[in-house]
Amino acid sequence: MKKTRRPKRFSVRTASKSVEKKLLQNAEKLYEDPFIVLPKFEDNVSKKAFSGIIRQIKKIDSIKDNVDKLERFSKKKSLAGAVAGTLLIAHSKKAPFLAVVRLPTGEVTYAQRGKADKKFLVAVQHLDDPSLRLLGVRDIALKRKLHIYSWNNSFVSKGDKPSPPKEFIDFIIDKLSLNLNGDVASCKHIPMEKARDKQEVENRPYLRIQWNSANVIIALCKSCTKNSGNTLFSITRYLIEPDISSDFNIEVIGHIIKDRGEVETFFVDKYLSGALSDYQLIVSNMEKRRENLRKKHEVEFILDGKSYGDDIDGFINALNPKPYERYALSWILEKIDHPVVVSNITPNGLLEQFWEEYGLDVLSSLVDEDLANDLVSLDDTPSGILKTAWEYKERQEISSKLPRYKNLPTIAAFADHIARTYHIFGLEKTLSEIRNTPSDTKGKSISYAFLLALGRAGDQKWRYSNIEIEMGEFLEEYARRLLEATPEEYHNALKELLSASGVSENIDDLLQ
Ligand SMILES: [Zn+2]
């Protein structure tokens with residue numbers, strides 16, 4: 001079946017005056033010296049490689065004032081064809097329509113004159129652009145294994161060995177916004193010696209590019225690579241080398257566990273192809289290393305790069321948890337049979353990692369199952385839920401240890417109720433219970449004594465008569481002792497408060 005022929009799509013735009021002017025200027029430079037599109041060289045390998053194209057350009061140079069002959073030459077697809085085509089622009093002194101090509105470095109415009117391949121037209125018409133002019137000689141260079149460097153106004157071929165000139169190296173380091181310190185150009189977070197010796201820097205994994213032929217090491221930490229793109233690509237856009245991967249060693253320096261020897265760098269090919277940025281290369285390597293460690297299926301606890309081996313307590317101590325977090329972490333980690341590798345994490349953050357699997361079980365070990373079920377479904381952090389469960393359990397324990405009475409007389413029952421409430425539920429609940437004071441003077445005096453002991457008498461004072469206040473001040477110390485009593489001291493403290501307030505009944509017999 002015959003395919004329908006679609007019209008070819010061209011992206012053509014009207015040239016702005018400034019773009020056109022620039023192009024005409026370059027065409028004039030080309031007219032003055034058509035050899036400007038080729039790099040300078042001194043070696044025989046380059047000489048041989050460029051001899052063919054030099055012969056063609058010599059021919060064009062000799063006919064550069066003959067428009068008809070240039071027209072004929074511009075039908076060639078080669079670099080020479082692009083030179084001839086662009087010389088035609090120098091003659092016509094105009095280039096009103098430009099085509100657009102999208103390169104990895106961005107959009108570039110050029111004028112299509114003749115039949116030359118667009119990469120050659122781009123190179124010739126941007127002969128003052130150190131990156132774009134490389135397009136003109138890339139094919140020859142790769143075929144003949146040449147090493148070519150292009151910067152500012154210089155453009156050189158160094159033959160079959162990588163050998164970047166000093167000026168070129170300085171140009172690149174400057175492009176990267178780095179400073180060369182000896183043989184190291186690193187961000188401010190990576191000390192020179194560390195970068196040189198491939199030593200890790202705490203909490204700062206970094207990209208290390210060793211540029212062998214330049215004898216330069218480039219080091220960028222993870223946070224500095226957030227905006228650095230792909231640094232290798234930023235360098236290689238100004239050079240052509242047949243074997244980039246042997247001239248540039250790419251490594252990510254940074255261990256999950258300190259001092260575990262050298263670590264392999266993954267995804268280098270993806271990085272070389274430009275598919276990963278500096279930052280992505282660092283992050284994906286650190287993730288991979290973490291994952292590899294996890295896969296080992298050994299119990300090991302690692303926090304911020306430090307291994308605690310199987311020492312759960314040491315590991316938990318380093319997290320500095322609250323008591324309830326400590327309890328839960330210890331309970332959970334005892335049941336883990338694989339490495340736990342974390343960094344920069346709070347106890348709650350670590351609990352979250354295990355909460356789905358172990359949350360309900362931990363809670364059930366603290367409180368009864370119904371309550372555990374209620375708690376686990378609360379909209380709160382693991383740490384917050386554990387705190388609630390923990391405090392409930394503590395109250396239960398205190399409550400179970402306090403002495404119990406039956407048939408206490410009214411005043412005694414009130415004092416016991418307030419003190420018990422305070423021991424079990426704390427301050428707020430106690431303050432609200434104090435409002436239910438018996439209305440007689442003894443009851444109100446004790447009530448006022450409790451308020452004084454709790455430091456909350458001030459705004460309640462108006463409720464009390466002078467005699468109740470006076471009596472309350474006398475009883476304050478007894479009230480405080482009852483509030484602060486251990487379960488063992490509680491009974492005597494209650495007895496003393498009652499006796500000081502003039503209650504005569506003996507409560508010894510009312511103990512259960
Ligand atoms: Zn940095």
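The buried residues of helix α5 pack against α1, α4 (79-92), β2 (97-103), β3 (106-110) and α6 (138-144), where helices (H or I, at least four residues) and strands (E, at least two) are DSSP runs, numbered from the N terminus. This is a predicted model, in which local features need pLDDT of at least 70 and side-chain atom pairs count only at pLDDT 80 or more, while totals for chains, interfaces and linings use all residues. Residues are numbered from 1 along each chain as its sequence is written, and side-chain values use heavy atoms, with hydrogens and water left out.

To stay with α5 for a moment, six of the eight residues of this helix (residues 118-125) are buried, so it is largely enclosed by the rest of the structure; here buried means under 20% relative accessible area, exposed means over 50%, and partly exposed lies in between, with a 1.4 Å probe and protein chains only. The buried residues of α5 are Phe 120, Leu 121, Val 122, Ala 123, Val 124 and Gln 125. At the start of the helix, a side-chain oxygen of Asp 117 reaches to within 3.1 Å of the backbone nitrogen of Lys 119. Asn 26, for its part, lies in helix α1 (residues 17-32), and it counts as buried because its relative accessibility is 2%. Apart from its neighbours within four places in sequence, Asn 26 is in contact with Gln 125, His 126, Leu 127 and Asp 128, contact meaning heavy atoms within 4.5 Å.

Taken along the principal axes, the C-alpha atoms of the chain fill a box of roughly 130 × 60 × 50 Å. The chain has a radius of gyration of 42 Å, whereas a compact globule of 512 residues would have one near 24 Å; this radius is taken over C-alpha atoms, and the globule rule is 2.2 Å times the number of residues to the power 0.38. Buried residues make up 46% of the 512 residues, and of the contacts with a separation of 6 or more, 58% are between residues 24 or more positions apart.

Next comes the metal site. The zinc ion is coordinated by Cys 187 (SG), His 189 (ND1), Cys 221 (SG) and Cys 224 (SG), at 2.1 to 2.4 Å. Donors are N, O and S atoms within 2.8 Å of the metal (3.2 Å for Na, K and Ca), and because water is not among the atoms, sites may look incomplete. Along the chain, the donors of the zinc ion follow the spacing C-x1-H-x31-C-x2-C. The arrangement is tetrahedral because the four donor atoms subtend angles of 96 to 117°, and four donors count as tetrahedral if all angles lie between 85 and 135 degrees. Cys 221 is buried, with a relative accessible area of 0%, whereas Cys 224 is partly exposed, at 29%.

Gly 229 sits in the loop between β8 (216-221) and α9 (231-236), and because its relative accessibility is 33%, it counts as partly exposed. Leaving aside neighbours within four places in sequence, Gly 229 is in contact with Ser 277 and Asp 278. Glu 300 is placed in the loop between α12 (278-295) and β11, and it is buried, with a relative accessible area of 10%. The side chain of Glu 300 makes a polar contact with the side chain of Ser 307 (2.7 Å); such a contact is a pair of N or O atoms within 3.5 Å, and within protein one must be able to donate a hydrogen and the other to accept it, while residues adjacent in sequence count only if both atoms are side-chain atoms. Gly 305 lies in the loop between β11 (301-303) and β12 (306-307), and is buried as well, with a relative accessible area of 13%.

Asn 152, in the loop between β4 (148-151) and β5 (154-157), has a positive phi of about 30° although it is not a glycine. Ser 177, in the loop between α7 (166-175) and β6 (184-186), is not a glycine either, yet it has a positive phi of about 55°.

How values were computed. Four donors count as tetrahedral if all angles lie between 85 and 135 degrees; four count as square planar and six as octahedral if opposite donors are over 155 degrees apart and all others between 65 and 115; anything else is irregular.
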